[in-house]
Structures are given as structure tokens and as C-alpha cells.
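Here are a few exercises to work through with the structure open beside you. Try each task before reading its solution.

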Amino acid sequence: MLRPAVVSLLLSAVATAQAPAAQNQGPGYTDTPVLPNGWRVHDAARPRPRVVDPGPAPSQPVPAPADAVVLFDGRNLDAFTGRDGKAQWALVEGAMESNRTGDLETKAHFGDCQVHLEWATPAVVKGESQGRGNSGVFFFGRYEVQVLDSYDNPTYADGQAAALYGQTPPLVNACRKPGEWQTYDLVFRAPRFAADGALREPARVTVVHNGILVHHDQPMFGATAHRALPSYRAHAAKGPIKLQDHGDPVRFRNFWVRELDLDRSADAAPAPASQPAETPGK
Ligand code: MG
């Protein structure tokens, strides 16, 4: 049996070991389910990524490459549907802005793809944590790369800008100031399902935020969920990309997509020509 003095020493050692985690306590949860990576969903104690200044915002939008599908170039919302069918976000200074009329979805559907888009949260800061400049890019309408004003805005690590929401924080916080244009360059590999609907390969995402790599080929645990575990349900090989209207006026511009074939089926080697059987003994 341990003597009281030893127990007391052990307890103080445990308290010391827990001190750094306790310093990370902030917005977040302590009662949510545990993800496969060992953290709780929106874990209040999960370390928040360090801040990296990405440098000044680009003065001009990045031009779309020749083989891109341009979804928004500042002129109209023709590429999208909205609540009750019609996209109703505001068109403001060459950008489209969420205005509490519901999420937008692309009319075109995509599987594996590369996405470029630019976004800006309101220059006049209102709210805090998840209530500040919240939006999101949802592949297949269900796998979210978070959009948030994460500039000097503490929130739970898996909910900040460029997080795979509720699953994986970005490697660093590369957020620019409110009102400044920010870029996302995303590579999405769609999940693969077997004929019986079982998951064969999870979705994977690479995210470059303001020119800084923040996720590299990161597997997703399933469709995005709030305060709940993500999970997969089989779906078609292609689906829409959704932009979230979370109630905050977030602007987007210069949104284009390049369709990819990450299985490189066009590069498959031809089947070997049949060889005449070898005649033994010659
Ligand atoms: Mg969001």
C-alpha cells in the first residue's frame, strides 16, 4: 500500500503533467464521443494549431486554368441552386455573399477534383468562436472543409478555418485578417464504396490555405457531423459541392474546379498480349 506522502507526490506529478492540456481549455466540449484519432469531437483540450502569417492577400484573383470548370467569376449565380431551387445569395463587388437564404449547391457534380476559391469574412467583426464568419465547402454536400474567421478568434481546434470540421484541425492557422481575401486550393479524392455499399477507401483531402499546406492527403472519418461521430453512407461517384450559409455574411469569388481521375484509369497499361505457350524441350 502506498504511504500518504507518496500518494500526494504522485497526485501532484499527475497535476503537473496535465497542466499544459488544461491551458488549452477553451471553447469546445468535454462530453462528445471520441474519434478514431483519440480526441473527442470538438475537444476543448485539443491543442490549437500555431499561427503562421501567410503574407499579404493577392491583389488580383488567381486566373482559372484552361481546363477548369468556372463556377463563379463574379457575374452571376447560374452554376448554383439554392433553397427552394434558386440561388439567392447577394452579388457584391464581384463576389457572392451568403445572406441567410440557405446553402448553395453546384448544379454540376464532381468526384475527384481540384478546387480553387477565394473567401473573405466580414471586415467588421461580430460574434466569437463558431459564430464569426462561419461558412464551409462541402464536397458531395457532406464532407466539410471549414470556413471561419480564425484570426485571433479562439475556437475548438477541429472547428477553425481549414479544419476538416469535427475531425482534424489544420497543421497551422494560416488565416488572414477579417475582410482580407483568402485562398483555398483543395484536392479531394472521393471515397470509394463496394457494390454492397461497404466503404472501400475513405475520402482524402489536401488543403492549401493562403499558399500554406495545412492538410496533406488527410483521410476523412466520414460525413461531417456536429457533436457526433462522422460516418460513411454509400453515395454516387459524383456529387455537388456545397457552400454553407451559416448565418454570417461570408464572401466568395473566383471559384473553379478541375475534374481529376486520381485512379489514373486513362494511364492504365494495356493488357499483356497473349503469348504462345512455350514448347518444352527445345
Ligand atoms: Mg462551417
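A pocket here is an open set of grid points with protein on both sides within 12 Å along at least five of seven lines, and its lining residues have an atom within 4 Å of a point. Keep in mind that the model is predicted.

**Exercise 1. Describe the largest pocket: its volume, its lining and the classes of residue found there.**

Solution. 
- Step 1: start with the space, which for the largest pocket is about 250 Å³.
- Step 2: collect the lining, which consists of 14 residues. Nearest the centre of the pocket are Gly111, Asp112, Ala190, Arg192 and Ala237.
- Step 3: sort the lining by class, giving 6 nonpolar, 2 polar and 6 charged residues.

**Exercise 2. Which atoms coordinate the magnesium ion, and are Glu144 and Gln146 buried or exposed?**

Solution. 
- Step 1: list the donors. They are OD1 of Asn134, O of Ser135, OE of Glu144, OE1 of Gln146 and OE1 of Gln244, at 2.2 to 2.4 Å from the magnesium ion.
- Step 2: write their spacing along the chain, N-S-x8-E-x1-Q-x97-Q.
- Step 3: apply the cut-off for buried, under 20% relative accessible area. Glu144 has 3% relative accessibility, so Glu144 is buried. Gln146 has a relative accessible area of 1%, so Gln146 is buried too.

**Exercise 3. Where is His215 found, and what surrounds His215?**

Solution. 
- Step 1: locate His215 in strand β14 (residues 212-219).
- Step 2: check accessibility. The value for His215 is 2%, so this residue counts as buried.
- Step 3: set aside neighbours within four places in sequence; the contacts of His215 include Ala162, Leu164, Pro169, Leu171, Val205 and Val207.
- Step 4: compare chain and space for Leu186, which lies 29 residues from His215 along the chain, with 9.2 Å between their C-alpha atoms.

**Exercise 4. Summarise the whole protein: how many helices and strands, and what share is buried?**

Solution. 
- Step 1: count 1 helix and 16 strands.
- Step 2: of the 282 residues, 44% are buried.
- Step 3: take contacts between residues at least 6 apart in sequence; 66% of them join residues at least 24 apart.

Methods
Residues are numbered from 1 along each chain as its sequence is written. This is a predicted model: local features need pLDDT of at least 70, side-chain atom pairs count only at pLDDT 80 or more; totals for chains, interfaces and linings use all residues. Side-chain values use heavy atoms; hydrogens and water are left out. Donors are N, O and S atoms within 2.8 Å of the metal (3.2 Å for Na, K and Ca); water is not among the atoms, so sites may look incomplete. Buried means under 20% relative accessible area, exposed over 50%, partly exposed in between (1.4 Å probe, protein chains only). On a 1 Å grid over the protein atoms alone, a cavity is a set of points where a 1.4 Å probe fits but cannot get out, and a pocket is an open set with protein on both sides within 12 Å along at least five of seven lines; lining residues have an atom within 4 Å of a point. Grid points are joined across faces, edges and corners, and a volume is the space filled by probe spheres set on the points. Ala, Val, Leu, Ile, Met, Phe, Trp, Tyr, Cys and Pro count as nonpolar, Asp, Glu, Lys and Arg as charged, and the others, Gly among them, as polar. Helices (H or I, at least four residues) and strands (E, at least two) are DSSP runs, numbered from the N terminus. Contact means heavy atoms within 4.5 Å.
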